[in-house]
Amino acid sequence: MEAYEQQLTACRMLALGDMSADEAQSRELGCDGIEARHRMLLGVMGALLAQLWISCFLARTFSEMVQDMQSDDDDRQLVRFIWERRRETWQQLRRFEDVVQRQFEELRASLVSKQGLLSQLSAS
């Protein structure tokens, strides 16, 4: 890789005029091949970078999708829990209403019977 970098630097010097054509021929520089290889390496690195970015983007998207699914499951469980608690509360409320209704009926019956006894005592 070091030799490639040196050849690339020498070709750039030749293009800028810092090196003469005779000196480039003495070093046996093939600047056209080196520039083509340089462009190819840049293209390959760009493609690899794009693949890396796409794979990271897809991994993040998949991770978010999995988290959303887990969150949806948690939300469903919470709603189910709330409905179960609501159902239990209504059942307890109905039982309480039944107890209160029975106590009210017993109290009313007791009052009616006491009033009947008081009427009989006052009539006698």
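## Basis of the model

Because the model is predicted, local features need pLDDT of at least 70 and side-chain atom pairs count only at pLDDT 80 or more, while totals for chains, interfaces and linings use all residues. Residues are numbered from 1 along each chain as its sequence is written, and side-chain values use heavy atoms, with hydrogens and water left out.

## Overall shape

The chain holds three helices and zero strands, where helices (H or I, at least four residues) and strands (E, at least two) are DSSP runs numbered from the N terminus. Helix H1 covers residues 2-16, and helix H3 covers residues 31-123.

The C-alpha trace spans about 150 × 20 × 15 Å along its principal axes. The radius of gyration of the chain is 47 Å, whereas a compact globule of 124 residues would have one near 14 Å; this radius is taken over C-alpha atoms, and the globule rule is 2.2 Å times the number of residues to the power 0.38. Glutamate 2 and aspartate 74 are 72 residues apart in sequence, and their C-alpha atoms lie 57 Å apart in space.

## Burial and exposure

Of the 124 residues, 8% count as buried, a class that means under 20% relative accessible area, with exposed over 50% and partly exposed in between (1.4 Å probe, protein chains only). Glutamate 2, which lies in helix H1, counts as exposed because its relative accessibility is 60%. Isoleucine 54, in helix H3, counts as partly exposed because its value is 44%.

Side chains of opposite charge can pair when their charged atoms come close. The structure holds four salt bridges, each being a side-chain nitrogen of Lys or Arg within 4 Å of a carboxyl oxygen of Asp or Glu.

In one of them, aspartate 73 pairs with arginine 76, and the closest N and O atoms are 2.5 Å apart. These two residues are separated by about one helical turn, because they stand three residues apart in helix H3. Aspartate 73 is partly exposed at 38% relative accessibility, and arginine 76 is partly exposed at 47%.

Glutamate 88 forms a salt bridge with arginine 85, with 3.2 Å between the closest N and O atoms, and both residues lie in helix H3, three residues apart. Glutamate 105 and arginine 108 also meet in a salt bridge, at 3.8 Å from N to O; being three residues apart in helix H3, glutamate 105 and arginine 108 are likewise separated by about one helical turn.
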